[in-house]
Amino acid sequence: DIYNIKSKRNRLAVLNTDHKNIMKQIEQLLPIVYEELHNNNNNSIPTRTDTLTQETFIQISEESKSINTIKPFAKIDEILEGSPAYSCGLLDNDLLISFGNITSETIEPLTAIPSLVRQNINNSIVLIIQRN
């Protein structure tokens, strides 16, 4: 029983740390997104139904390279033609920095991706990549 309580407290501490890290990342990336909106003379706040163009997506991801606190957690080995990854502009050897709210600081980030995808069927998931 004590072990169960300790493990649950540990899990809560990990989740709180993950939340703080994600909030820091949001704070760092929001100015980039809103600067892009401002540069396009688009004063509206984006909603869930708004979609970023591939050019905007690539520009945001290129600017995110300067954020040293976010490290890649996966490398894209192969993109199949016709797949959703292909249609959004991902390329072989892209480094995955963020997949939705999953980052290198998430516990077991690769195992968390399928769950996030299942929760967002027919919804967009924001990716941040580093392209060499």
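This is a predicted model: local features need pLDDT of at least 70, side-chain atom pairs count only at pLDDT 80 or more; totals for chains, interfaces and linings use all residues.
User: Which residues form a nonpolar patch on the surface?
Analyst: Met23, Ile26, Leu30 and Tyr34 do, with about 330 Å² of accessible area together. A patch takes residues with over 30% relative accessible area and no salt bridge; like charges are joined within 9 Å, and nonpolar side chains (Val, Leu, Ile, Met, Phe, Trp, Tyr) within 5 Å. A salt bridge is a side-chain nitrogen of Lys or Arg within 4 Å of a carboxyl oxygen of Asp or Glu. Areas come from the Shrake-Rupley method with a 1.4 Å probe, and for residues only the protein chains shown count as cover.
User: Where is Tyr34?
Analyst: In helix α1, residues 2-39. Helices (H or I, at least four residues) and strands (E, at least two) are DSSP runs, numbered from the N terminus. Tyr34 is partly exposed, at 37% relative accessible area; buried means under 20%, exposed over 50%, partly exposed in between (1.4 Å probe, protein chains only).
User: How many helices and strands are there?
Analyst: The chain has 4 helices and 3 strands, in the order α-α-β-α-β-α-β from the N terminus.
User: OK, now the inside. What's in the largest nonpolar core?
Analyst: That core has 12 residues, including Phe73, Leu96, Phe99 and Ile113. Two or more residues each come from β2 (95-99), α4 (109-119) and β3 (127-130). A nonpolar core is a set of buried Ala, Val, Leu, Ile, Met, Phe, Trp, Tyr and Cys residues joined through side-chain atoms within 4.5 Å.
User: Why would they group like that?
Analyst: In soluble globular proteins, nonpolar side chains tend to be buried together.
User: Is Ile128 buried or exposed?
Analyst: Ile128 counts as buried because its relative accessibility is 8%. Ile128 sits in strand β3, and its C-alpha atom is 8.6 Å from that of Leu95, 33 residues apart along the chain.
User: Switching topic: how many salt bridges are in the whole structure?
Analyst: A search finds 1. Asp94 pairs with Arg131, with the closest N and O atoms 2.7 Å apart. Asp94 is in the loop between α3 (84-87) and β2, while Arg131 is in the segment after β3, 37 residues apart. Both Asp94 and Arg131 are buried.

Technical notes:
Residues are numbered from 1 along each chain as its sequence is written. Side-chain values use heavy atoms; hydrogens and water are left out.
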